[in-house]
Structures are given as structure tokens and as C-alpha cells.
Amino acid sequence: MNAIKNIIVLGAGYGGITSALKLSSLFRRHYNFRIHLIDKNPYHTLKTQLHEAAVHKNEVIIPIERIISKKNITFHCGTVTKIDLANRKVFTEDEAIDFSFIVIALGSKSNFYSIEGLSDYSLPLQSYEDAENIYRHISQLCAKASSDQDKVSRREKLTFVVGGGGLSGVEFATELSDHVTQCISNYRLEDDELNISLVEAADKILPNVSDYIRNRIATKLQSKNINVLTNTRITHVNKDEVFFSNSKSLKTGTLVWTGGIRASNLIRESGFKTGSAGRIIVDEYLKAKDFPFAYALGDNALALNPATGLPVPAAAQFALQQGRLVAQNIYNDIYGRQKIKYIPKVLGEFISLGKHLAAGWLALPFSKKLSFIGFLANLLNTAIKEKHIFLLRKESRNWITY
Ligand SMILES: Cc1cc2nc3c(=O)[nH]c(=O)nc-3n(C[C@H](O)[C@H](O)[C@H](O)COP(=O)(O)OP(=O)(O)OC[C@H]3O[C@@H](n4cnc5c(N)ncnc54)[C@H](O)[C@@H]3O)c2cc1C
């Protein structure tokens with residue numbers, strides 16, 4: 001009898017869960033292969049909606065057991081502590097598992113760029129736990145401000161800084177504005193005491209959108225009393241103050257950091273060849289350089305777009321596409337079939353702007369873009385996010401409510 005061979009997927013985020021489900025379908029009658037999925041949490045996080053979770057607007061976690069209940073996937077809830085590529089073994093705090101193929105889909109974490117005090121005094125928004133921390137922190141500050149008789153210290157409590165003017169920074173700032181404005185009104189405080197600043201080192205926010213959409217978004221941010229500070233770097237941070245490159249500073253107890261991401265140190269420590277932001281360098285089939293049995297995808301992989309030669313951005317839409325392709329390529333590898341080259345399909349980009357509003361664009365043929373802003377954009381944005389849930393249900397063959 002053939003020995004059982006393990007195919008292990010590390011990380012049950014967008015790319016990992018998609019890859020595991022597809023592997024499970026491809027290998028469903030190949031009884032000498034076993035599919036394993038490892039994640040530190042027993043749930044799949046809808047990371048693209050974390051800004052909503054940070055103000056308790058939406059549920060963003062789906063228990064893994066519901067996704068895999070009808071699939072031949074063995075789930076291990078544990079933190080991966082070591083990937084031994086020489087001996088093809090993965091270690092968690094509880095166990096060691098041998099593998100014949102491995103998929104690295106561990107996502108990313110905040111990059112603090114060695115800015116003094118930033119990792120100690122800022123709140124990252126990269127996980128469900130981060131979103132819960134932010135919610136608790138904001139709720140406490142609003143409640144404390146409501147009984148604070150000192151105008152200066154009350155203003156300080158109601159001063160919020162969001163570091164990073166990319167998609168997640170803009171989305172979070174708008175949710176924050178809606179949420180805190182409502183809290184302030186509930187506590188019968190003056191809303192002119194609220195100060196939200198969105199700080200960006202580059203000369204513009206949202207570098208991937210057209211000037212037309214950016215200008216429309218800027219108007220929306222203004223209407224939500226969000227001050228956008230471009231060309232402004234955060235130079236250092238302490239417990240109650242954020243300092244900027246223009247020699248100014250803001251007294252605040254809240255700095256939410258969305259200004260950059262990098263791959264986990266575990267990747268480099270395992271011996272993978274890494275590029276910018278510590279991401280694993282992969283070839284056109286998403287195979288890690290020098291390790292023919294290891295594939296990498298999503299935020300922790302550095303894949304190049306063959307059309308432009310540029311790195312594929314860290315985004316859920318690409319992690320999902322890569323997850324399916326990697327599963328197919330492992331299957332093709334094992335059965336001696338031609339592997340498929342990765343060509344990213346850019347579908348568009350939508351930015352939610354709080355209550356019933358969004359802005360963005362859909363990709364059209366011949367590199368054309370169709371822009372949307374307002375209610376319709378919000379419907380499209382919601383539809384894109386719902387599509388992921390729909391596909392999860394379809395691929396897991398489980399139509400129960402998540
Ligand atoms: C607030 C916010 C809004 C966003 N909005 C959008 C958007 O609108 N559109 C878009 O395309 N992208 C968006 N993104 C980016 C998108 O979420 C990521 O690109 C996407 O999640 C990457 O998928 P992934 O599978 O690579 O990693 P992830 O989805 O991050 O999954 C990684 C998984 O690995 C697990 N893990 C990590 N380390 C370990 C370990 N040591 N041991 C065990 N498990 C581990 C984690 O628990 C997690 O489940 C947003 C991101 C944020 C933070």
C-alpha cells in the first residue's frame with residue numbers, strides 16, 4: 001500500500017482557504033494524499049471588512065469547521081513556529097507534520113518601518129483581534145470624554161490619527177468618523193471637538209485610483225470632518241503625542257496604523273528567497289525559488305505581473321486567484337501535467353466610505369476603467385465581498401449560514 005502523502009496549506013485567509021478547498025476537490029478520490037490546513041485561529045477572517053469590525057458594524061469571522069465540514073481537509077489550529085524545508089516538516093506549538101508539498105499563505109503583518117515608538121503606541125488593523133482592540137479603545141475614550149470637564153483633555157481624547165492613506169486607512173477613517181460622530185451625539189458632546197486626521201507620507205492618498213475618483217473621495221472625507229495631511233511623515237510617537245516631518249505634532253491617545261505591511265519573519269528564517277517587504281520570490285507558476293515542493297501566494301508572495309514586470313499588489317482578489325491556481329499546479333506537478341502560468345486578472349478596486357457610500361472602478365477590456373462613486377459603488381463593493389462568501393459556500397458544498 002502507498003504511504004499517505006501530506007499536502008499542507010499554511011494560513012486559512014483568502015488565499016489559503018481557497019487553495020485548501022480546491023486541493024480537496026482535486027484530490028477527493030486520490031486516497032494516498034491528505035490535505036491539511038493550519039491556522040492560528042479557528043476562524044477565517046474577512047480581512048477586507050476589518051475596518052467595519054473595528055466599529056462593530058459587521059461580523060467578519062467564519063468558523064473553519066463550517067467551511068470544511070463536508071470536505072476531506074484536516075484542520076490544525078496552531079501557530080506555525082518553524083518550516084523545516086530541508087526535512088519537509090512544519091512545526092506548530094503542538095505538533096510536527098511531514099509534507100510532500102506545501103502552500104505558504106500566511107498573509108502579512110503591520111510594517112512599522114523602525115519609526116520610533118510606532119510599534120509600541122499605535123493600534124494596528126490587521127486581524128480580528130486588532131479590530132476588537134480598536135473598538136474597545138475608541139468606546140472607552142468616547143465614554144471617558146463624556147465625563148471629562150477639562151476642555152483640553154477632552155479634545156485630546158477625541159483626537160484620532162490614522163497613519164497611512166491607502167485603501168485600509170481611508171476605509172477605516174470614514175467608519176471611524178461615522179461611529180465617533182454617533183457616539184459623541186449619544187453622549188451629548190459637541191461634535192466640533194472631534195478631530196480625525198488621515199496622515200500620508202506621499203503626495204496623494206490612494207495611489208491606484210484616478211485623479212477624478214481621488215478628488216471625489218477627498219470631498220467626501222472633508223464632509224466627514226477628516227483632515228487629510230499628505231506629504232506628512234510620522235517621525236516618532238509616544239504615549240500621548242504623534243510627531244510629524246513638518247515639525248508639527250498632535251496630542252492624541254489614538255494612532256491607528258495602516259501605513260504598510262510586511263511578511264512574517266518566519267518566512268525569511270525558513271530560508272526562502274525573499275524580496276521587498278520580506279515576501280517570498282515566486283516563479284511564473286507561483287513556486288518558491290529553489291524549493292520545487294513549495295508554493296507561495298497572497299500577501300506573503302512576491303509574484304510579478306508578466307504584462308508589466310511589476311509586483312502583483314497585496315490584495316484579496318489576487319490571493320483568491322492565486323489560491324486556486326496553486327492547487328491546480330500542485331495537482332499538475334504530481335501527475336506530470338503542464339503547470340499553468342499565473343496571469344493576474346485585475347477586476348477593479350472599490351473603497352468603502354462609511355454609511356452606504358463607496359467609490360471605485362471596474363476593469364473593462366482594453367485596459368479601460370469604469371468609475372463609480374456613491375450608492376451604486378457601494379452596491380458593487382458589497383456584491384464583490386458577498387461573492388467571496390458565495391464561492392466559499394459553493395466550494396465547500398455547504399450552503400448553511402456562516
Ligand atoms: C482593513 C483592510 C481592508 C482591506 N480591504 C481590501 C479590499 O477592499 N480589497 C482587497 O482586495 N484587499 C483588501 N485588503 C487586503 C487583503 O485583506 C489582503 O490582501 C488579503 O487578506 C491577503 O490574503 P492572504 O490569504 O494572503 O492572507 P490573509 O487573508 O491575511 O490570511 C493569512 C492567514 O494566515 C494566518 N497566520 C498568519 N501567521 C500564522 C502563523 N504563524 N501560524 C498559523 N497561522 C498564521 C492568519 O491567521 C490568517 O488566517 C484589506 C486589508 C485590510 C487590513
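The legends below walk through close-up views of a predicted model.

**About the views.** Local features need pLDDT of at least 70, side-chain atom pairs count only at pLDDT 80 or more, and totals for chains, interfaces and linings use all residues. Residues are numbered from 1 along each chain as its sequence is written, and side-chain values use heavy atoms, with hydrogens and water left out.

**View 1. Helix H1 crosses helix H10.** Here you can follow H1 (residues 14-26) and H10 (residues 316-334), whose axes come within 7 Å and cross at roughly 30°. That makes H1 roughly parallel to H10, a label for angles under 35 degrees, with over 145 counted as roughly antiparallel, 65 to 115 as roughly perpendicular and the rest as oblique. Axes are lines fitted to C-alpha atoms, for helices over the stretch in contact, and angles run from 0 to 180 degrees between N-to-C directions. Helices (H or I, at least four residues) and strands (E, at least two) are DSSP runs, numbered from the N terminus. The H1 and H10 crossing is right-handed: the near helix is turned clockwise from the far one by less than a right angle.

**View 2. The residues where H1 meets H10.** On the H1 side, look for Tyr14, Gly15, Thr18, Ser19, Lys22, Leu23 and Leu26. Their counterparts in H10 include Ala316, Leu320, Arg324, Ile330 and Tyr331. Contact means heavy atoms within 4.5 Å. Sorted by class, this contact of H1 with H10 has 10 nonpolar, 5 polar and 2 charged residues. Ala, Val, Leu, Ile, Met, Phe, Trp, Tyr, Cys and Pro count as nonpolar, Asp, Glu, Lys and Arg as charged, and the others, Gly among them, as polar.

**View 3. The open sheet S15-S16-S17.** Its 3 strands follow that order with antiparallel pairing; two strands pair if DSSP finds at least two bridges between them. S15 (234-238) and S17 (249-251) stand at the edges, each with a single partner strand, so one side of each has no neighbour in the sheet. Neighbouring strands are turned by 15° against each other on average, direction ignored. S15 and S16 (residues 241-244) pair over 4 bridges, and Ile234 has Phe244 in S16 as its bridge partner.

View 4. S23 is joined to S24 (residues 358-364) by 5 bridges, and Ser352 stands opposite Ala358 in S24.
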